[in-house]
Amino acid sequence: MSATRIRITAVALLLLAGVARADDPPPDRFHVRLSLTGLYATEQQDASPAEASQAAPYQLGFGELRGVVSGPLPGSLDIHLDGRVRLTGGFSTDTATVGGDHVTARGYLGGSEYEVRQAWLRWRGERVDASLGRLLIPEADALRIDGTRVGLRLGHVEVSAFGGSLPDPFSRSVTTDYTSAPAFAGGAAVAWRFDRIWGSISGVGLWLGGLDDGGPFDPTQPAGTPTTEGARGYLTWTGFERPFAWLDLFHDLVVDVGGPTRAELRRLDALANVRLGSHVALHLAYDHLSPWAIEMYLARMLASRPDFLVGTIENNLTVERTARDQGRVAIDATAGTFTAFAEGRLRRRSLVDPSSNPQFLVDGSDAAPSVAWDATVGLRDRGALLGLRPSLFYTYLDDMRARSHIVAASLARSFLDERLEFEGQFLWAATRDDGTGQPCDPTTPTAQLTSCFGDRDGNEYEAGMTITASPSDHWLLYADYRVVIDTTPGTPAILTHVALLRVEARY
């Protein structure tokens with residue numbers, strides 16, 4: 001059988017798979033949504049033969065067709081299909097090295113994509129539902145499996161159990177969903193939905209048949225040590241509460257209970273919206289993220305590329321376990337059609353296990369900057385003067401290794417009863433890296449961490465135009481174009497063009 005026939009057969013089989021939530025109402029008719037998207041981006045720089053061009057040596061471009069179909073079938077059955085096909089060229093290291101002209105997407109991976117996001121078949125009874133196929137389990141941190149789910153509805157509460165094979169979470173195409181070792185996942189969830197309270201909890205177990213995870217990454221053995229992943233597990237809890245008419249609370253957390261360090265918080269998002277009267281709102285948020293990467297899925301990306309050299313890795317941030325914490329405070333006040341807003345964020349990052357990658361250590365500890373913050377103030381109008389909607393904001397960004405001043409403005413106007421909208425944007429950003437003007441000695445680890453990460457001191461100017469048209473309830477057109485000029489003293493400017501076009505039909 002040819003590769004093309006295998007690919008088409010795989011797509012056809014997966015279109016028989018599915019995902020569904022038992023609390024979703026049964027569809028009363030078929031709904032179809034088709035969208036065609038095209039994107040093209042290119043960079044140019046007039047560098048002399050003696051200078052090294054900093055512009056990307058290839059263009060980013062793709063055409064994508066996505067289709068979503070859902071509706072009822074005879075016998076209390078519902079069906080839902082959601083898939084996309086993205087056509088683009090492949091990435092060639094040799095071509096890019098010599099500055100050759102080629103169009104691709106997804107960085108060094110490149111290549112077209114044939115993805116089945118959802119495709120489910122569900123039987124719906126009076127209280128019991130059963131789903132079969134490619135399942136996306138929202139309550140379980142959007143877990144994706146190819147298997148089954150059974151749910152029991154008890155008034156405002158739903159209890160469900162699910163299980164099946166686990167496709168590669170990094171895969172974006174059916175051709176690479178199962179290139180790694182076998183893996184399986186299963187668990188149970190409880191969801192509730194009331195007027196002022198909704199949420200869910202879940203427990204998930206994973207069995208991973210690949211090699212290695214949780215220990216230091218060894219560049220000389222990028223495929224892992226001769227030990228299997230084994231079993232993993234995690235718990236989730238998501239909730240929304242409105243205890244008072246002026247207060248909304250939201251939280252979402254994931255706890256790893258089966259990793260190398262046992263119980264550990266992987267993600268926590270907490271948000272509080274406080275309405276201080278009818279014109280002022282206060283927003284408080286805290287986010288924690290400490291993801292875990294399963295090396296049985298990363299080995300292919302790290303070690304199988306054509307130019308792999310022993311002792312090197314493609315991107316250490318893919319492997320390193322970093323913990324990131326962010327606190328956010330925002331307030332907005334409205335008077336008539338004008339809204340003024342202000343926001344501040346404080347961010348912190350650190351290596352969970354600094355010893356896992358010695359090349360980022362100085363005197364046995366992580367020497368990289370760990371704290372950053374930013375502040376934003378702005379003003380926007382909802383159309384008091386001739387229907388124009390202007391907005392303006394300023395941001396000061398004190399990042400880990402750079403300082404930036406950002407000013408952005410936009411002006412929008414709708415026509416034909418809001419079925420046609422034009423919006424123009426302009427942004428200016430001035431950035432200065434901490435390493436600017438400092439000597440860099442790549443043979444000294446301390447110098448690598450303190451002065452060899454960035455020496456840019458320049459400006460970026462971006463102008464754009466967005467057009468949105470909805471001639472009827474069944475059609476949507478979206479077009480966006482951006483031009484960016486990136487300048488650094490003593491270096492030719494980099495000119496970037498980005499164009500995006502989307503046409504969507506809904507029936």
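Let's start with Thr104, which is found in strand 4 (residues 103–104); strands (E, at least two residues) and helices (H or I, at least four) are DSSP runs numbered from the N terminus. Keep in mind that this is a predicted model: local features need pLDDT of at least 70, side-chain atom pairs count only at pLDDT 80 or more, and totals for chains, interfaces and linings use all residues. Residues are numbered from 1 along each chain as its sequence is written, and side-chain values use heavy atoms, with hydrogens and water left out.

**Around Thr104**
- Thr104 counts as buried because its relative accessibility is 0% (buried is under 20% relative accessible area, exposed over 50%, partly exposed in between, with a 1.4 Å probe and protein chains only).
- Its side chain reaches the backbone oxygen of Gly89 at 2.8 Å.
- Setting aside neighbours within four places in sequence, Thr104 is in contact with residues including Tyr58, Gly89, Phe91 and Gly110 (contact means heavy atoms within 4.5 Å).

- Strand 6 (residues 128–137) pairs with strand 7 (residues 143–154) in the antiparallel sense, over 10 bridges; two strands pair if DSSP finds at least two bridges between them.
- Ser131 has Arg149 in strand 7 as its bridge partner.
- Five residues sit between strand 6 and strand 7 in their hairpin, and Asp141 in the turn has a positive phi of about 60°.
- Strand 7 also pairs with strand 8 (residues 157–165), again antiparallel, over nine bridges, and Val150 stands opposite Ala161 in strand 8.
- That hairpin of strand 7 and strand 8 has two residues between the strands, and Gly155 takes a positive phi near 70°.

**An aromatic cluster**
- Trp198, Phe240 and Phe250 form one aromatic cluster; rings of Phe, Tyr and Trp (its six-membered ring) pair if their centres lie within 6.5 Å, with planes under 30 degrees apart stacked, over 60 edge-to-face and the rest tilted.
- The count comes to seven aromatic pairs.
- Trp198 and Phe240 are stacked, because their ring centres are 6.0 Å apart and their planes are at 20°.
- Trp198 lies in strand 10 (residues 197–211) and Phe240 in strand 11 (residues 228–244), so this pair ties together parts 42 residues apart in sequence.
- Trp198 is partly exposed at 34% relative accessibility, while Phe240 is buried at 18%.
- Trp198 and Phe250 make a tilted pair, with centres 6.4 Å apart and planes at 50°.

**The whole chain**
- The protein chain has five helices and 25 strands.
- Of its 507 residues, 36% count as buried.

Definitions and conventions
A polar contact is a pair of N or O atoms within 3.5 Å; within protein, one must be able to donate a hydrogen and the other to accept it, and residues adjacent in sequence count only if both atoms are side-chain atoms.
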